[in-house]
Amino acid sequence: MTAPGRSAVIVRNGTVLALVVAACNHLALPEGLFLALGVLIILETDLGGGVLAGRERIIGTLLGLLAVVIAAGVLGGLSSALGVFVGLTLVRLFGFAAGLTSGFVVGGHMVAGSLMNHGDAWWHYVFWRMVMTILGVIVGVLVSRHIYSQRSSSAWQASCDGWLLDLAHLLERLPDSTEPEEAFAALRERRNGLRRRLPQLAAERTLIHGQPDEAVLRAQQQLQHGSTVMSAARDLGLLLKEEAPAAWVPPGLVPRLLDDGRTRIEALVQGRDAPDAVADLGRCRDLLSAALPESPAAPQGDRTQLLIASRLLLLADALIRLPRSPQPPRRADAGR
């Protein structure tokens with residue numbers, strides 16, 4: 001996000017949060033601060049990430065409520081320190097069982113805040129904190145969905161397109177690259193980052209459409225086939241350093257396939273199919289399949305040469321299967 005974009009997000013979030021806090025104070029809502037915090041945790045990220053963060057906060061709050069009921073209600077005779085210890089232990093155990101990554105922190109705050117600061121009135125505190133947290137998350141999702149511009153899908157696709165373009169440029173430089181491993185390591189790290197953000201994308205599309213839609217499937221396919229392209233190209237870079245392709249490999253096939261691959265990826269990022277590149281990739285694949293030696297025991301069936309051929313076939317197939325990126329949204333829809 002550019003500096004002006006970040007500034008706009010900060011101003012927008014601050015304005016929304018100030019309005020929420022003012023409304024809570026005006027209405028004298030009990031524990032209204034947690035309504036404002038519930039809104040804030042949604043707005044501080046994109047819609048998909050906000051949905052996941054809100055889910056963690058709600059589940060953590062409910063688990064904290066359960067832990068407080070057990071520690072203070074069932075074990076009411078315990079000292080406050082022992083009660084807090086039992087409550088925090090329960091929250092941690094419940095959090096592990098629920099698969100939380102950060103929500104248990106909210107549950108811990110509920111335990112400590114109620115048992116240490118509210119004494120016998122803990123029930124009033126935890127009840128209203130739970131209600132306000134859930135209400136805040138709901139308000140935050142509604143605000144983020146309808147007036148907040150940042151989306152997981154657009155941010156994810158922009159990152160994926162950048163990754164694919166860098167992969168295309170690496171294909172172009174592959175025959176002359178002296179140290180491809182470092183470049184591929186960087187690409188792998190970016191690919192892993194895209195994988196980690198897929199749950200945010202799925203959460204956003206589920207919220208908007210009721211279930212994960214074609215955008216999630218396309219994202220998964222782009223990562224799957226793009227990863228195959230990356231792995232095959234990396235292996236080719238290492239293998240071609242050791243040995244040139246055998247005589248039975250059609251002359252000029254390797255640079256031709258790499259050039260078609262670069263053209264194909266660049267077209268896909270632009271939302272086009274590049275049918276000429278796809279057809280030529282198919283021809284390269286057919287030529288290579290027909291040229292493969294029938295018996296691996298034959299002299300031409302040297303292990304390195306067979307590895308080169310297999311990676312070329314894998315590369316061509318993955319490039320053909322790569323789905324194109326969606327068309328950019330129309331200007332009228334860009335603010336959604």
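**Exercise 1.** What should the 12 residues of α9 span at 1.5 Å a residue, and how far apart are its end C-alpha atoms?

*Solution.* The model is predicted: local features need pLDDT of at least 70, side-chain atom pairs count only at pLDDT 80 or more, and totals for chains, interfaces and linings use all residues. Residues are numbered from 1 along each chain as its sequence is written, and side-chain values use heavy atoms, with hydrogens and water left out.

Step 1. Helices are DSSP runs (H or I, at least four residues), numbered from the N terminus, as are strands (E, at least two). The expected span of a helix is 1.5 Å times one less than its number of residues.

Step 2. The 12 residues of α9 should therefore span 16 Å, and the end C-alpha atoms are 16 Å apart, which agrees.

Step 3. Just after α9, Gly 210 has a positive phi of about 90°.

**Exercise 2.** Which residues have the most contacts inside the largest nonpolar core?

*Solution.* Step 1. A nonpolar core is a set of buried Ala, Val, Leu, Ile, Met, Phe, Trp, Tyr and Cys residues joined through side-chain atoms within 4.5 Å.

Step 1. The largest such core has 45 residues, and Leu 257, Ile 265, Leu 315 and Leu 319 have the most contacts inside it.

Step 2. Elements giving two or more residues to this core include α7 (152–173) and α13 (303–321). The most come from α10, with 9 residues.

Step 3. Contact means heavy atoms within 4.5 Å. Not counting residues up to four places away in sequence, Leu 315 touches Leu 171, Val 229, Ala 232, Leu 236, Leu 257 and Leu 258.

**Exercise 3.** Is Asp 280 buried or exposed?

*Solution.* Step 1. Asp 280 lies in helix α12.

Step 1. Its relative accessible area is 12%, so Asp 280 is buried.

Step 2. Leaving aside neighbours within four places in sequence, Asp 280 contacts Arg 256 and Asp 260.

Key: Buried < 20%, exposed > 50% of the residue type's maximum accessible area, 1.4 Å probe, protein only.
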